[in-house]
Amino acid sequence: MTTLEVRRLCQLKKTGGSVSKDCDSPLFESIKNTSLTNIAVTETSPDKPKPHRIARSEKRLPLRDSLGISGCCVIIGGSFGAGSTPDAIDAPWVWRRIALASWTPQATTLIALVIRMIITAQAAVCTSMIASIIIEKRFIQKSQAAHFSVLRGINDGPRNLVHLILSSKSVRLILRLESYLAILLLLVGMGLQFSSTILLSDVDVSVVAGENALLQLPSLLSESQDRVTTSTNSYKALPPQYAVFGELSSGTTTTPDAHGFSDTGLIQRAFLPLQVSEKREEVRSYEGNSIVMSTRVACMRPNIENLRYSACWWDNWADKNWGQLNGTLDYDSSLEDNGKEQPCGSKGCPLIPFSCDIPGAYDGYGWQSNICLAGGVGGTFWSSDTGPEGTTINSPWAINSSVYLVLSTNMGSADWGTLRDRGIGYGPSVPTQAVAEEKEWRSYQLLPGKLVNISLCFQAFNLKHSFVHMASSGNIREPEMRYDSRTGTADTRDIRRYFGTDALKLDFDRRGILRGKEIREPANYTNISQPTVGLDADKEFTMKRVKGTAYSELAATESNSSILACSHCVGGGGSTVHADLSAILEDTILSTGRASEAIKVYITSISMTIYYLYQKKFTVSEEVSLTSVNHVLTANDCKEQGACSGFVSVVTLLGVHLAIVSVITTLYLTQTRFSRHSNIWHAVSQLISQDLDDILEISHNMGDKDVIAAVRSEGNDHEVRLGGCLHGGRVKIKKHDG
């Protein structure tokens, strides 16, 4: 070191030419008497030396020198870039490939590894910065000076730093902000070491939409392999089907107008050619040929002539009574009252004489309903072979369409018994007149406070083999009928939601069905499974069998047949309906007040039952484009359930960690002057000081514990900190004289 450099580093006392304490060191003994021309001298009192002070005029090191390029990259680069938990439907391609390949656990582990690597690197840089702040701004024990200094250049994280702080037993140091930050940095880092395990706690089996695929699905009967036998009036008694279907509707509301006219609009529902329920629930997109049921129901107030009622009963069960309504239905005038075109033209349609059963409610139960098929428009029904074709499906009151009377009453079995006791039954009857009308209902009083509400409904439907495109962006599920274990009462809410008849009128996804996007004429195809048989013949044969069965069951049955739409009632003859279907029809009428909704449910349910009985026998395949979900390990379900506790925990820990890093970095850049991150020589050089000469002299062949013990045993473990000489000079560890 040259004399000029020494002069710039040190300040001499004015008197005697001795070196000041700030720069007193054996290293400089040889220059005590050096001429100090043009160097400022500070007056000091020999009996009152001034305490050591850091040179406040020193400028802070540039960021490139203090934190360094590597430190900046670790702090800034590790603090940006966040991922998300994408939805399974709209997820990025990479995410989908990972999930569908069942690599989620492996990917989660690798991501957690990257997180830990970044956190570890940031923690090491932060440890260096905290050590720099403490050694420059706070006072540390002399025996720990080397440790704090070296931690600025190289360290393996905050553990050793926290140990130094706590082992110092200095309350003043422990209560400093930097100490709290070091402890938090250590604790959060320890928590993030388990990020892989924490994240995997959210992973469970869930569904993810797979890739679109072309498949061959059996969708037609083979004319040469028909094994299906059918019988009319048998399907209503079978358990209803609640299979996933695709719906394309006109969006018409069934809310009646001022005249009481209620219309469902055209409803088209396409059935999936999949027999297994689980396979149908996995479908997210379907493009191909299928059988489509189209229906439209319109209801209004009826015009009835000569309406009479009487009681009915079984001879063997005298306490089981119901009623019967007889009259003449003038549906032509009802259509005219609502401004609708009369189907029979100027000559007018013939009146329909009817005889419909009215249910008797069991004691303790309220309104019960019945659906009575009064006849066909124009006096005839559709042919069971052809049914309605062309555009007639858009007109429910077209010639040959079905005419229904929907009856709802609060007459109990005991009330009908009262009429029976009066001799009103099985022959004798009593006339009645309408007493009120509301929406599509007209009310007739039978006993004081006992009414029967009647609505006139027209229904048309069709089944066609069509090309359909339907898809869903939500979970698809098929509902199940549930019964209360205590009361035995059916809970039909999920099923009514699925049919779209509940009061909420939810969208397709929340109903658990597919949204119909397109329905048109069947696509061109070739017979894959039976190359020698033309598909045109198979299609014609299939539709003849399926349509014929459906029309015979729904439209070509005997007039005055009744369908009990109640589950707590007694009724007479008519069609036997499964108890589940009766409960659904009953709750639909009670919850919506719409007769049209009940008939729509009835038609869909019976058509679906018939279709899937035939579908078991389908042997001719057609090509379809199908997207289904796969059951894989992902954390997607926890998002839907709002309980991604593992993800939330890791994100919270990362947020706290980044906040700690930001605070430490800010403190380091604003409060340190002499420290250089990840530099060793300056960390070692700054230890060369008169205040540390004794430790450096004895520690060349001793362990740290022995050195610390020796210093403390001599009572020489005083407080020190890093600083520079006044007016510029050498940076070193100095004793605290305060």
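Predicted model: local features only at pLDDT ≥ 70, side-chain atom pairs only at ≥ 80, totals over all residues.
Local features were considered at pLDDT of at least 70 and side-chain atom pairs only at pLDDT 80 or more, while totals for chains, interfaces and linings use all residues. Residues are numbered from 1 along each chain as its sequence is written, and side-chain values use heavy atoms, with hydrogens and water left out.

Helices (DSSP runs of H or I, at least four residues) and strands (runs of E, at least two) are numbered from the N terminus. The axes of α16 (residues 535-554) and α18 (residues 595-615) come within 10 Å and cross at roughly 145 degrees. Axes are lines fitted to C-alpha atoms, for helices over the stretch in contact, and angles run from 0 to 180 degrees between N-to-C directions. The crossing of α16 with α18 is right-handed, a term that applies if the near helix is turned clockwise from the far one by less than a right angle.

With contact taken as heavy atoms within 4.5 Å, Arg 545, Val 546, Thr 549, Ala 550, Glu 553 and Leu 554 of α16 meet residues of α18, among them Tyr 602, Ile 606 and Tyr 614. This contact comprises 8 nonpolar, 2 polar and 2 charged residues.

Lys 169 lies in the loop between α7 (158-167) and α8 (171-174), and its phi is positive, near 60 degrees. Asn 400, in the loop between β12 (368-376) and β13 (402-409), has a positive phi near 80 degrees. Asn 400 is buried (under 20%), with a relative accessible area of 16%.

Key:
Nonpolar A, V, L, I, M, F, W, Y, C, P; charged D, E, K, R; others polar. Buried < 20%, exposed > 50% of the residue type's maximum accessible area, 1.4 Å probe, protein only.
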